[in-house]
Amino acid sequence: MKWLIKGGRVIDPSQNLDAELDILIENDVIKALEKNISADDVEIIDAKGKIVTPGLIDVHVHLREPGFEYKETIESGLMAAVAGGFTAVCCMANTNPVNDNQEVTRYLLKKASEYHLARLYPIGAVSKGLKGEEMAPIGELKEAGVVALSDDGNPILNSGFLRRALEYAKYFNLPIISHAEDKNLAPYGVMNEGKIATRLGLPAIPAEAEEIMIFRDIKLAELTNWHIHIAHVSTAGGVKLIKEAKEKGIKVTAETCPHYFTLTEEAVKDYNTNAKVSPPLRTEVDVEAIKQGLKDGTIDIIATDHAPHHPLEKEVPFEEAPSGIIGLETALPISLKLIEAGILSWSELVTKMSYLPAKIFNLPGGTLKPGSPADITIIDPESKYRIDVNAFFSKARNCPFNGWEAKGKVIITIVDGKIVYNLTHKFL
Ligand SMILES: [Zn+2]
């Protein structure tokens, strides 16, 4: 099938492009990207008034399969991904069994390939069973296809262990993604430490739990001269540490999630378990620092940390509820609010949601250069609607943005030259 995407505003930071151009897709690849292309035997996609970007890439999702299919499956997660405009996602290793061996990695890749939705890139565990004690077989995981290593969900508390893991990961050219949290500082914490936690009577987590570990991670990245990627940065202090480390040339990159630049700890004041997340939602000062970090490039990537749970698991007292917010179907509309607020330009947003995720994790995509795989997201920037969790393709509903006004909607997602999601027809 040949497709011609006509007249859209093409935004491709990999080529410094923001212009009205046509895109010709042939044999799964981008054949041409020019003004006014005419071609025979093509299906035309009219993109007038729409934004056309390289497919969005989410480097941090939890797909729950194998082991927790009642929360999400690879299929439902990948449907949510393409409905949210993502053409590729990286999935964390905290499944059951854990992705600490080739069998699980191969299972994930095989399953994902059956659905023809978004591309799936597995992240392998750093340690066996995510226990932080014995190293996972990193070479074997790499051979099976993992793109990075992380014990996400669990911090790696032992500095000596993380140092050895970084040295080993360097040999295999795999970044380590750090869930930066000193659990010893707040073993029972369920929300941010401060006045609201005191008022609610909930055990709390100070910002220092994140900052201490980011500092430690940066020092170990410097010591080993290897790449550490800080997941879900939530604190002003964390942003400052990462900025200083980058200025020194240390190999550190960082991501944050839409909830950390949109919500504060106020969101949990009615014991709203759908806003319970790890790390916890912080203060207005932190939210402002995260926005500034996105603007000045300290925070490279917007990722979702899509963490589905069954509704019944969240319908329990706040302290007992599992942490996590789903994000695949709200990441774009919530992130677009940064453009509306004048914090990011379109090009900067696409840099953080497509170009840098591909570049930092060595993934195909993130570009519309002719010859590249045809992974494309088409967005209607003017479409206004209300976010409705009941319309989500994810199995989960743990989303604090339900009912929010949104502007900007994904209308078509193309993976490997095929339309895998179309707003009017849903899935094709
Ligand atoms: Zn996570």
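Biologist: How much accessible surface does the chain have, and what percentage of that surface belongs to carbon and sulfur atoms?

Modeller: Please keep in mind that this is a predicted model. The accessible surface of the chain comes to about 16,700 Å². Of that surface, the share belonging to carbon and sulfur atoms is 50%.

Biologist: What radius of gyration does the chain have, and why does that value agree with a compact globule?

Modeller: The chain has 428 residues, and a compact globule with that number would have a radius of gyration near 22 Å, so the value of the chain agrees with this expectation. Along its principal axes the C-alpha trace spans about 65 × 45 × 45 Å. The radius of gyration asked for is 21 Å.

Biologist: Which residues lie nearest the centre of the largest pocket?

Modeller: The largest pocket has a volume of about 560 Å³, and its lining of 30 residues divides into 10 nonpolar, 12 polar and 8 charged. Those nearest its centre are Gly153, His179, Lys183, Ser278 and Ser323.

Biologist: Which element gives the most to the lining of the second largest pocket?

Modeller: This pocket is lined by 19 residues, and the elements that give two or more of them are α10 (331-340), β16 (376-386) and β17 (405-415). With 3 residues, the element that gives the most is β17.

How values were computed
Residues are numbered from 1 along each chain as its sequence is written. This is a predicted model: local features need pLDDT of at least 70, side-chain atom pairs count only at pLDDT 80 or more; totals for chains, interfaces and linings use all residues. Side-chain values use heavy atoms; hydrogens and water are left out. On a 1 Å grid over the protein atoms alone, a cavity is a set of points where a 1.4 Å probe fits but cannot get out, and a pocket is an open set with protein on both sides within 12 Å along at least five of seven lines; lining residues have an atom within 4 Å of a point. Grid points are joined across faces, edges and corners, and a volume is the space filled by probe spheres set on the points. Ala, Val, Leu, Ile, Met, Phe, Trp, Tyr, Cys and Pro count as nonpolar, Asp, Glu, Lys and Arg as charged, and the others, Gly among them, as polar. Helices (H or I, at least four residues) and strands (E, at least two) are DSSP runs, numbered from the N terminus. The radius of gyration is taken over C-alpha atoms; the globule rule is 2.2 Å times the number of residues to the power 0.38. Accessible areas come from the Shrake-Rupley method with a 1.4 Å probe; for residues, only the protein chains shown count as cover.
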